[in-house]
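Here are some notes for a colleague who is opening this structure for the first time. Please keep the sequence and the 3D view at hand while reading the points below.

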Amino acid sequence: MDSKKTTIYDCSIIHFNKITNTAGNITPIENSKDIPFDVNRVYYLYDVPGGESRGGHAHRELQQLIIAGSGSFDILIDDGKNKRVVNLNRPYMGLYIPPGLWRELLNFSSGAICLVLASREYDESDYIRDYEGFLTFKKNTR
Ligand code: TYD
């Protein structure tokens, strides 16, 4: 996947299986079956104070699947040309984000949990944290 060429239209909402019974629900997610990559890291954001935003970066190689494990929040996706805002508010739905897209997470509800499944382990050199640098990274291919 050429992360310089990815666009907001390469993101997709994935609906997972929801196994329900009177005692509650289960949503399983399996590598390369329910999502288009193998998971090498899981992390979650929680206790986000009202009005705060997270993200504000792009990744060179990392693929991610973002789920509202509880509550809701918005994800702003930006490919340097077009932008799109996705609201996540169900634990059985996730947003797949390929590499090479700027993202910001905002409008967290009280008690929201943002669960992230990631294709790679943490690597600071995979981040593009400067927006102008991101635009240059994307422009170099077009
Ligand atoms: P960062 O990804 O910038 O957070 P966000 O995009 O949600 O604002 O990470 C914040 C800090 O946490 C940064 O110093 C790196 C560290 N961190 C890890 O050590 N491991 C991880 O898996 C993640 C996601 C972050």
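1. In this predicted model, a search of the whole structure finds seven aromatic pairs. One of them joins Phe 37 and Tyr 96, whose ring centres lie 6.1 Å apart with the planes at 35°, so the pair counts as tilted. Phe 37 sits in the loop between strand E3 (24–26) and strand E4 (41–45), while Tyr 96 belongs to strand E9 (residues 93–97), so the pair ties together parts that are 59 residues apart in sequence. Both Phe 37 and Tyr 96 are buried.

2. Trp 102 and Phe 134 have ring centres 5.6 Å apart and planes at 45°, so this pair is tilted. Because Trp 102 lies in strand E10 (residues 102–106) and Phe 134 in helix H1 (residues 131–139), the pair ties together parts that are 32 residues apart in sequence. Trp 102 is buried, with a relative accessible area of 6%, and Phe 134 is buried with a value of 0%. Ring pairs also bring in Tyr 131, linking it with Trp 102 and Phe 134 into a cluster.

3. Of the 142 residues, 40% count as buried. Among contacts between residues at least 6 apart in sequence, 78% join residues at least 24 apart.

Conventions
Residues are numbered from 1 along each chain as its sequence is written. This is a predicted model: local features need pLDDT of at least 70, side-chain atom pairs count only at pLDDT 80 or more; totals for chains, interfaces and linings use all residues. Side-chain values use heavy atoms; hydrogens and water are left out. Buried means under 20% relative accessible area, exposed over 50%, partly exposed in between (1.4 Å probe, protein chains only). Contact means heavy atoms within 4.5 Å. Rings of Phe, Tyr and Trp (its six-membered ring) pair if their centres lie within 6.5 Å; planes under 30 degrees apart count as stacked, over 60 as edge-to-face and the rest as tilted. Helices (H or I, at least four residues) and strands (E, at least two) are DSSP runs, numbered from the N terminus.
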